[in-house]
Amino acid sequence: MRRRAAVASVIASAGVLIAGFQIGSAVTAARTPSTTGTGTAPGGSASNSGTSGGTSSGSTGTTGSSGSSGPAKDGTFTGATEQTPFGPMQVAAVISGGKITDVKVLQKTNQGGRSVQISNQADPMLRSEVLQAQSANVSMIGGATYTSEGYLMSLQAALDQAGFTG
Amino acid sequence: MTRATFETMGTVVSLEGAESPALLGAVRAVFDAADRRFSLYRPHSELRRIADGSLELLDSSAELREVYATALGWRGETGGAFTPHRPDGTVDLNGIVKAWAMAEAGRALGDGDWCLNVGGDVLVSGAAGSGAPWVVGIVDPADRTGLLTALPLVGGRRAAATSGSAERGDHIWTRGREAAEFVQVTVLADDIVTADVLATAIVSGGSTTLNDLTARFDVDVLTVARSGELRATPGIRELVTR
């Protein structure tokens with residue numbers, strides 16, 4: 001019973017964790033998602049959601065928490081669907097030998113046609129890191145809009161005059 | 001591949017891969033028509049006549065109304081960071097017309113291997129001559145004779161748009177009075193209008209808009225702050241470490 005409940009709780013937490021991570025990545029200040037269920041939340045609240053400030057107050061998943069007793073059975077246990085800013089998210093935990101062996105994402109968000117974007121936040125990057133790409137064979141030059149006069153002094157003009165041979 | 005350049009809309013177009021004169025002519029026609037209709041600098045352009053009150057917006061061409069409606073849609077999508085209005089209320093479609101015309105030109109060019117650069121914004125199709133992806137060098141805003149990086153357009157990314165707050169000729173109306181936080185913003189997207197509008201919006205709205213838009217849109221972004229600090233989304237990191 002307790003293990004079963006614990007399993008359900010883990011599934012729910014995984015859902016919250018993922019939802020929280022999504023929310024965290026969408027909120028500017030939250031650089032790293034808080035871990036769930038550890039320590040005491042500010043203000044003494046025993047909340048383990050770890051997603052303060054999130055806009056989603058989705059219900060925690062409890063599917064699979066039936067009243068049966070005994071050790072957790074093998075199988076796949078599905079959490080509830082969480083609403084996130086990126087669309088619905090749903091996870092399932094695979095139990096084998098009483099342990100969670102896998103957590104699967106059942107419903108991926110489809111914002112922009114991509115699968116789950118864990119975080120698309122723009123983070124600081126060093127100049128030396130971006131300069132690695134300099135050796136690539138450049139076809140065109142991108143930059144803030146230049147005027148016709150500005151073009152004459154631009155790298156693009158030099159490239160055009162050089163005549164592209166690629 | 002052949003490369004052609006011509007002047008339009010106050011800037012210069014560089015086009016590689018338009019193999020026939022007819023195709024090049026079709027592309028020129030798209031930009032010249034857009035310039036005639038949307039320039040605020042031409043005394044009798046349709047948009048100029050709307051600005052000076054001699055033409056009602058409701059009586060304007062379907063094309064102008066379509067572009068204006070698209071721009072208003074983007075104003076909503078960006079929380080107002082992108083807007084087709086000047087602070088005095090004048091309708092200014094400069095922020096979207098170039099990209100809109102590039103998309104039109106892209107349709108005229110069709111499938112195949114070509115690369116179109118209009119004033120620093122790039123739209124590509126297919127591959128470069130060697131069969132490798134098209135690569136866009138991104139100007140270093142601190143030294144415009146140098147490149148910050150070079151980004152290959154791969155995986156459905158066909159467009160690279162760059163907006164800046166320092167360059168003359170750029171019409172970005174920043175919200176608030178303070179200087180823009182980013183001097184240059186590059187956005188890679190699957191289509192040029194999205195890339196261009198979001199680059200403009202991020203320059204206008206700063207990091208709040210940056211974080212909002214990267215979370216909601218399928219785009220890759222590289223920003224250069226006034227301090228010189230760079231920020232990049234994971235997609236850009238992947239590209240530069242390929």
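Reader: Which residue follows α4(B), and is its phi positive or negative?

Author: Gly110(B) follows α4(B), and its phi is positive, near 70°. Helices here are DSSP runs of H or I with at least four residues, strands are runs of E with at least two, and both are numbered from the N terminus. The model is predicted: local features need pLDDT of at least 70 and side-chain atom pairs count only at pLDDT 80 or more, while totals for chains, interfaces and linings use all residues. Residues are numbered from 1 along each chain as its sequence is written, chains are lettered from A and ligands numbered from 1 in the order in which they are written.

Reader: How many residues does α4(B) have, and what span does it reach?

Author: An α-helix has 3.6 residues a turn, so residues three or four places apart point the same way. The expected span of a helix is 1.5 Å times one less than its number of residues. Helix α4(B), residues 94–109, has 16 residues and reaches 23 Å from its first C-alpha to its last, close to the expected 22 Å.

Reader: How many residues of α4(B) are buried, and what covers them?

Author: A residue is buried if 20 or more other C-beta atoms lie within 10 Å of its own, exposed if 12 or fewer, and partly exposed in between, with C-beta atoms placed from the backbone. In α4(B), 12 of the 16 residues are buried, including Trp100(B), Met102(B) and Lys98(B). The covering elements include α1, α3, β3, β4, β7 and α5 of chain B. Over the whole of chain B, buried residues make up 52% of 242.

Reader: Why does Thr149(B) count as buried?

Author: Thr149(B) counts as buried because 26 C-beta neighbours lie inside 10 Å. This residue is found in strand β6 (residues 143–152) of chain B. The C-alpha atom of Thr149(B) is 8.5 Å from that of Val136(B), 13 residues apart along the chain.

Reader: What is the strand order of the open sheet that contains β6(B)?

Author: Strands of a sheet pair through backbone hydrogen bonds, either parallel or antiparallel. Two strands pair if DSSP finds at least two bridges between them. The order here is β6(A)-β5(B)-β6(B), with mixed pairing. The edge strands, each pairing on one side only, are β6 of chain A and β6 of chain B. Between β6(A) and β5(B) the pairing is parallel over 3 bridges, and Ile141(A) has Gly137(B) as its bridge partner.

Reader: Which strands of the two chains run antiparallel, and how many residues of each chain are in contact?

Author: Strand β5 of chain A and strand β10 of chain B run antiparallel, joined by 3 bridges; Met125(A) is partnered by Leu230(B). Two residues are in contact if their C-beta atoms, placed from the backbone, lie within 7 Å. By that criterion, 63 residues of chain B are in contact with 41 residues of chain A.

Reader: Where in chain A is confidence lowest, and where is it highest?

Author: pLDDT is the predictor's confidence in each residue, from 0 to 100. Where pLDDT is low, the predicted coordinates should not be read in detail. Chain A has a mean of 58, with 37% of its residues at 70 or more. Confidence in chain A is lowest in helix α1(A), at a mean of 40, and highest in strand β6(A), at 91. pLDDT stays under 50 over residues 1–69 of chain A, and also over residues 111–117 of chain A.
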